[in-house]
Amino acid sequence: MSISVEATSDLSPEEQKRLKIDLHRSLRRNKIRALMLVAPLVVFIIVTFVAPIGNMLFRSVDNPLVHDFMPQTTIALESWDEKELPDEVIFAALAQDIIEGRKAKTIGKAAKRLNYEKSGMRSLIMGTARKYKKIEDPYKESLIKIKKGWGDIDNWKIIKRLGTSLTTSYYINAFDMETSPDGEVSFVDPKEQIYLKLFWRTIWMSMLITAMTVLLGYPVSHLLASLPTKTANILMILVLLPFWTSLLVRTTSWIAMLQSQGILNDLLVWFGVIADEARVQLIYNAIGTVVAMTHILLPFMILPLYSVMKTVPPSYLRAARSLGATPWTAFWQVYLPQTVPGISAGAILVFILSIGYYITPALVGGQSGQFIGNLIAYHMQGSLNWGLAAALGVMLLVLVLGIYAIYNRVIGSNQVKLG
Amino acid sequence: MAVPSYAGPLERTWYYSFRLFCGAVFIFLIAPILVIVPLSFNAEPYFSFTEGMLTLQPEAFSLRWYEEFLTSDRWIDSIKNSVIVAFCATILSAILGTLAALGLNRSELPFKGAIMGLLISPMIVPLIIAAAGMFFFYSKMGISQSYLGLILAHTALGTPFVVITVTATLSNFDHTLIKAGASLGATPTYTFFKVTMPLIMTGVISGALFAMMTSFDEVIVAIFIAGVEQRTIPLQMWSGIREQISPTILAVATILITFSIIMLTTVEILRRRSDRIRGIS
């Protein structure tokens, strides 16, 4: 910050200098004071929030299991040229690792890690470990006798490739690619794609949900913005009450509404729209996810839209009409362009919230309504393939931050408002 | 907004269908809540209205699910846990968030944009990612499956709300008041407690209420880092919905809805008060 001290030019140069220093010092003191106020929360967020996410970033490339639990094999394989079956020395190292790993009960972890890369690796290693008594000199011969898999050069290539302490293999997996034994990376058969497909579905369904919220939210916001304040405030409660209601409560109520013995189906049967035996499956599929999430996210669209529409003077529309515009032209040419900031703010907010969803799809989504978040949770808690969960998490994070960066550029983060 | 007297029949039709559409959306918004409340008084263990309920027979209604809720040790424990965690997390985030907002409001603060981005990141990052990260990191620190871990996590998630609401309150804050205080001989601390604090208090409280609701409603992080001892209400509901879906959950839901109505009213009253004090409306 530069503050002119020219006005005090009747002071001697020395005094001027001192004044400058004083001013500088006081400015710096203020800066430090401001920083001191912010510091506790900054440190807190870094320790409790950013560090865990950074740690997960590292986990998505971290690969200690084979390296740590099959140490001798990993070292011995370093000099192997991958052209033909390893020699006796390497087989001996493997035999040692398996025998020691069996005793320390660590070989299973390495075997499990190898199995993520190629199924069958686990039974190869564990089967050998179970028959450890039969392992004898010469190792090459006896190991191949115990398990034929040791005679397959591809299995050795996989052990060598995963022996490095950092790996891209989780990302290769997460992008639905596979590494051939020769180290070439290619996409898996489109029919077997899991993750990319789910990413597309998550994005596609989030876009659908965002579109639904615009469709339902725009007219309602317009109504709220054009009604007298008193009426609008009362109707606003209908928007704010669901907004403040627990997410789980709302998801539960959608289960009660949509299930096949639920209220909506009961009504349809009662009105004779459908037969009692032909109740519609509205939940535990993509429909359930879209309906429940549209409901949950709708207030996030209405609130920013409403605050923007409030600032559009109604006289503009009247002016357009009096100048001969049809209602449609007046809306399309005059009203809509002025509400675009509200639409984009609401849409990006809804979209960002939507692609990270987990709870609602897990409860009402069945098979076809799952999001990428559900797969991350599955790999965290079900399959325990944490590296893959971390890689998928990082991909989702990059996606969300990318969209947020666009949002920030277009709208500016200080526009975030609550309630 | 009434139909103008010059409107033709087409315009009238459009006007009424517009109203009808908005009415339908309002019903869509409120229906799940309207459905849950009566269903929680169901005498049968079903999730749908029975014949008796529709004909308003008194024996079709009962308070048995409320009784079950209040006599179950697991639910009572979960209430206790939720209150402990939400209380501590709210206090912590209110203090940390208010301090940070005061700092952010100073023009001398360097890297303001970056700091703001960092501080509101817990609101932007999908919870499943935060939860996965915390699961690894907190167990490494030895605080997963403990109250401390859950409180710290919920505090981190709640602070952005406090920062945002207090920053908003401060943006209309008249800084000459502080100078006036100083010129009258008050120490900065005295001015803070006697002048600044009362004026920003509404922002602090509504931010704190947001933080409290976040903690009270949070389930994803709790799934990953809470142990059996730290089961909160949402966690108990989550496992209830997934395992055996009993109307006890509807009773809990009704109680939670009542709770959110109280919170909503409080925040609304605070907002009006704050606007009045600052002379906005």
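This is a predicted model: local features need pLDDT of at least 70, side-chain atom pairs count only at pLDDT 80 or more; totals for chains, interfaces and linings use all residues.
Biologist: At what angle do the axes of helix α18 of chain A and helix α6 of chain B cross?

Modeller: Roughly 15°, and the axes come within 10 Å. Here α18(A) is residues 372–381 and α6(B) is residues 127–141. Axes are lines fitted to C-alpha atoms, for helices over the stretch in contact, with angles from 0 to 180 degrees between N-to-C directions. Helices are DSSP runs (H or I, at least four residues), numbered from the N terminus.

Biologist: Parallel or antiparallel?

Modeller: The crossing makes α18(A) roughly parallel to α6(B), a label for angles under 35 degrees.

Biologist: Which residues make the contact?

Modeller: G373(A), I376(A), A377(A) and M380(A) from α18(A), with I128(B), A132(B) and F135(B) from α6(B). Contact means C-beta atoms, placed from the backbone, within 7 Å.

Biologist: How many residues does the contact take from each chain?

Modeller: 72 from chain A and 74 from chain B. Helix α1 (residues 13–59) of chain A gives the most to chain A's side, with 20 residues.

Biologist: New topic. Where is S40(B)?

Modeller: In the loop between α1 (9–39) and α2 (51–54) of chain B.

Biologist: Buried or exposed?

Modeller: S40(B) is buried, because 22 other C-beta atoms lie within 10 Å; the cut-off for buried is 20 or more. S40(B) touches W65(B) and P247(B), among others.

How values were computed. Residues are numbered from 1 along each chain as its sequence is written. Chains are lettered from A and ligands numbered from 1 in the order in which they are written. Two residues are in contact if their C-beta atoms, placed from the backbone, lie within 7 Å. Helices (H or I, at least four residues) and strands (E, at least two) are DSSP runs, numbered from the N terminus. Angles under 35 degrees count as roughly parallel, over 145 as roughly antiparallel, 65 to 115 as roughly perpendicular and the rest as oblique. A residue is buried if 20 or more other C-beta atoms lie within 10 Å of its own, exposed if 12 or fewer, and partly exposed in between; C-beta atoms are placed from the backbone. Lists of a residue's contacts leave out its neighbours within four places in sequence.
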